[in-house]
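Student: Before we start, I would like each term tied to its cut-off. Please set the values against the definitions as we go.

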Amino acid sequence: MLVRLARIEWATIISTIALVAFGVLMLSTTAEPDSTGLENQAVQKAVLGAVGLAFAFAMAQVDYRVLHGLAGPVFLLGVLALILVLLVGDFDLGARRWFELGPIVIQPSEFMKLAAIVAFAKYLSDRSDSTRLLRTVMVGLGLMLIPASLVFLQPDLGTALIFSAIWMAMVFVAGARWWHLLTPIVIALAAFPFAWFFAQDYMRQRFVTFLDPGSDPLGAGYNVLQARISIGSGGWFGHGLGQGSQSQLEFLRVRDTDFIFAMLGEQLGLAGTMGLLAFFTLLIVQALVIGLRARDMFGRLLAIGIAAMLFSQSFVNIGMNVGLMPVTGITLPLVSLGKNSLLVTLLSVGILLSIHSHRGAAPFRQQSMHVVRGSLPAAGSRGGLGR
Amino acid sequence: MEAHSRPTARTGAGQRRISGTRRALLLGGAALAGNAALAGRLWQLQVVESDTYREQAAHNRARTRPIQPLRGLIYDRNREPLVANAPVFSVWLAPADLPPEREGPAMANLAVLTGERLEDLRFKLSQARLAPDTPARLARAVPRESALTIEERRQELPGISVRTSTRREYAHGDVLGHILGFTGPIPAEEVEAYRQQGVRFDEDIGLAGIERSLQTRLRGRDGEQRLETDAFGRALHELSFTPPQVGQHAVLTIAVNEQQAIREILARHLALRERGAGAVVVLRPDSGDIVAMVSLPDYDSNIFTRGASSESFALLVSDPRRPLINHAISGLYPPGSTYKVIAASGALEAGVVLPQSKIHCDGRLILPSGWAFDDWLPQGHGFVDLQRAIAESCNIYFYNVSGGNPYTQLQGLGNRRLAEFERSFGFGERTGIDLPGEASGLVPTSEWKNRNLQQPWVTGDTYHAAIGQGLVQVTPLQIASMYAAIGNGGRVMRPRLVDRLLDQHGKVAERFPPRVRSILPVSDTNLRLLQAGLYRAVNEPQGTGPRARSSHTVVAGKTGTAEYSGARDAEGRLPSHAWFAGYAPAEQPEYGFAVLVRDGGEGSFAAAPIARDIVDYLMTGDMPPLPQERPDFISPDHRL
């Protein structure tokens, strides 16, 4: 047990805690002033973060390879949930994205991201000698398009694109041929004019706004412009916690989720934004390093998938805050309000820790993949992931 | 590092040789590059361009609200207020707080509540959008109930608010219309000029009269309130406050009761005439202070600020007598015989004639060219000297002294010298009264005639100029000013309508002391000769102005019957304006005046009695009896 603890990747843990702490700090400045205890969203996030982190620690003790056997059922469960949410999900802000079960809100697409990573990892690692074949890539693409298109229908274009980013990274590392990967990108680019023609108005609007936020400062470009003003006005060290007219006077909208980074930029300045960016970079690099050191292809691909998820989301979100990316409604992992996302990201960190702690001279070392496969039913009964 | 393309992850012992290391490193590099790009962008936003965004953030949170000062008041000489600022509700818009998608319903609601036309509101909105941080007025003078309803329904009307503002209410607007003028919206072509003075496009400005000439002084200067507001336009607290500089109050030289009475006197006399139109100017000879200034028909200032019914407005605009124009200062007329004193003084000063030199008048002067110039009295006045010529208004005398007489070898004054004298009496230029729209009139010269009519100057033109006919054009104010100067010993005063300006505490902010425009180039001796002639014109039996004789004081003055081109009457005479100008008392005069009855016929019948009534009133303070009740009443139908 102590041996395992020693193997825990402290840089990963610390950057995770730091990022959650950034989120708690920011939410504490926007919380309703009279909300106390668990009513306060900052407190909620801190508590959930602690619980999630403890869970991640626990997961570090469990061999990640139990996931190999759970991949199929979990993927199916996720797809079913996505179909269900399309049919009976709560309609809010023009989209069906979640279920409300009393006080708990469940957003299937968040969990689906992790389920998809596990499923892609299993699929690609099982076929590691045929990833150069177009057939493998195409079937994998189909596997990705199932959840991606369901999410797209919600509609949630951003998350759908995250799925494809994760998939691309994993297939790339798994060893697909360059042109197998480049062809879909070229096709996508060529299809852009047609997509533009069929795209929904809000998508076009967002794209135009991205290109020129000043075009309609009171309308679609409002948030982008206000985010940029917030960040820019922060300067070197920001206006201080709880200060800053942009976020405190609510010129900056959706400041708890999509634009929490802008709020951070205003309150803590370049010091804060660079700090946050550094912790994200550290976490992503750690995920990659864990992947590189993983004992098998399944572990490596899992870590690569998680790294891709963390990077694509943080890059798209921060990029949108600073005006380098279009507005897609992607939240900042670990930092933004959003319990589903927090929980899933912490689970991912737990998986990373598990891959790390089981990388070397672990009890399973002599076991072959066949043995692992054979042990899966038993492993499944151990895991806590079914929840 | 092994080649990525070789599948190595086999089962069992091959465990550690798993593929994709190079590609994973490549991805890591891409991620680092991506985050480095973000870092670069953050440096750009937060360090390089930070000042710009800081400014924009400050601009976001601070809302500037101009505090408009109350418009200054106008008082008469006795400090009686002539105008008040009446409270009125107006509807304002903070353009930045009205989201474009809510414009439609908000404007439709407002149209119903305020009674404004929807397209007008939309136009004002589009104007306001040009300056999103400046509140703009959408509707003025909204009924109280509508104002309250708008306040109650603020949720449906984002960015819309009701303000209490003021409207001008004129205490004696009916008798002071031409003097006070009125306020109203800025004419479109002047919006830009006013904006440079800090006046907003939807503000009321002075459009006529004192309201216009003292616009800047009456308006004051805007104050400013800077508020910290949140994203929803809610004011949180005040950042700074600069109080407005309240407009100054004006104290006029006129007294409203005198103005009212003199207007009434003129109105009574005009009422006897079908096309009654006329003007009166009374001023103080020593200071140039305006005592009364009437131009009839006139208008009530209040109809403009209360919102005139289109019917009454159309009447004002279509009336051929042009009631919107102050004819006392803007109307141009031939002065007729009232002008003869200029040729008289010029001839004396230039030595053309001696005071006692007599010139024979047989009723007509025929030039060798064949042109005939008549006297008003067909049989002539016989031998007349200067005083008699003035008193009896002998034309022939003034033809002789101005244009010369080819038969007697008399060298006249000549056009050039006559014109110089006209100018030195204040003609051909504005008097400088504090009212907009003053006309300068015309002193005709041979150059002017050449240039404008492409005709040579002839002796007849000099004759006509000497008797105030032909090309000469003057305003009643100029005539009154000239007679005041003759009465006061030769100083042509600048007519004074505004005595002083007061600050908001009632202390004098600025005084406008009497100013001498020019000194008449006439010696005291010669001036006294003129004065004697004017005395005899009213007070001697042969004089032309006996109907101006007052029972309360001695009047000196001159009649004028100024023909103008128009339809001739049955006896072939041109229509004429009736003048009477003079001063009273004859010694140390207190009042100088000019009375004009447009198309009034003979000055001695139509204008002189008006002057008499005015002098009587000013001397006694009582209204004189109606003209019809006077023993010397002459029906207006009477023509001599």
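Student: What share of the contacts in chain B with a separation of 6 or more comes from residues 24 or more positions apart?

Tutor: The share is 69%. A contact here means two residues whose C-beta atoms, placed from the backbone, lie within 7 Å. This is a predicted model, in which local features need pLDDT of at least 70 and side-chain atom pairs count only at pLDDT 80 or more, while totals for chains, interfaces and linings use all residues. Residues are numbered from 1 along each chain as its sequence is written, and chains are lettered from A and ligands numbered from 1 in the order in which they are written.

Student: What is the mean pLDDT of chain B?

Tutor: The mean is 86, and 94% of the residues of chain B reach 70 or more; pLDDT is the predictor's confidence in each residue, from 0 to 100. Residues 1-16 of chain B have pLDDT below 50, though this stretch has 31 contacts in the model beyond near neighbours in sequence. Where pLDDT is low, the predicted coordinates should not be read in detail. The model scores are ipTM 0.84 and pTM 0.64.

Student: How many helices and strands does chain B have?

Tutor: Chain B has 22 helices and 23 strands. Helices (H or I, at least four residues) and strands (E, at least two) are DSSP runs, numbered from the N terminus.

Student: Why is A121(A) called buried?

Tutor: A residue is buried if 20 or more other C-beta atoms lie within 10 Å of its own, exposed if 12 or fewer, and partly exposed in between, with C-beta atoms placed from the backbone. A121(A) has 27 such atoms, so it is buried. The residue sits in helix α5 (residues 108-126) of chain A. Leaving aside neighbours within four places in sequence, it is in contact with M170(A), F298(A), L301(A), L302(A) and G305(A).

Student: What makes β22(B) largely enclosed?

Tutor: Nine of the nine residues of β22(B) (residues 576-584) are buried, so the strand is largely enclosed by the rest of the structure. In a regular strand the side chains alternate between the two faces of the sheet. Here S576(B), A578(B), F580(B), G582(B) and A584(B) point one way, and H577(B), W579(B), A581(B) and Y583(B) the other way.

Student: Which strands pair with β22(B)?

Tutor: Two strands pair if DSSP finds at least two bridges between them. Strand β21 (residues 556-563) is joined to β22(B) by eight bridges, antiparallel, and strand β23 (residues 591-597) by seven, also antiparallel. W579(B) stands opposite G560(B) on the β21(B) side and opposite L596(B) in β23(B). A hairpin is formed by β22(B) and β23(B), with six residues between them, and Q588(B) in the turn has a positive phi of about 45°.

Student: Which helix crosses α14(A), and in what sense?

Tutor: The axes of α14(A) (residues 297-321) and α15(A) (residues 339-357) come within 10 Å and cross at roughly 145°. Axes are lines fitted to C-alpha atoms, for helices over the stretch in contact, and angles run from 0 to 180 degrees between N-to-C directions. The crossing is left-handed, a term for a near helix turned anticlockwise from the far one by less than a right angle, right-handed being clockwise. G299(A), L302(A), A303(A), I306(A) and M309(A) meet S348(A), I351(A), L352(A) and I355(A). Ala, Val, Leu, Ile, Met, Phe, Trp, Tyr, Cys and Pro count as nonpolar, Asp, Glu, Lys and Arg as charged, and the others, Gly among them, as polar.

Student: How many residues does each chain give to the contact between A and B?

Tutor: Chain B gives 39 residues and chain A gives 50 residues. The largest share of the chain B side, 16 residues, comes from α1(B). That side divides into 17 nonpolar, 16 polar and six charged residues.
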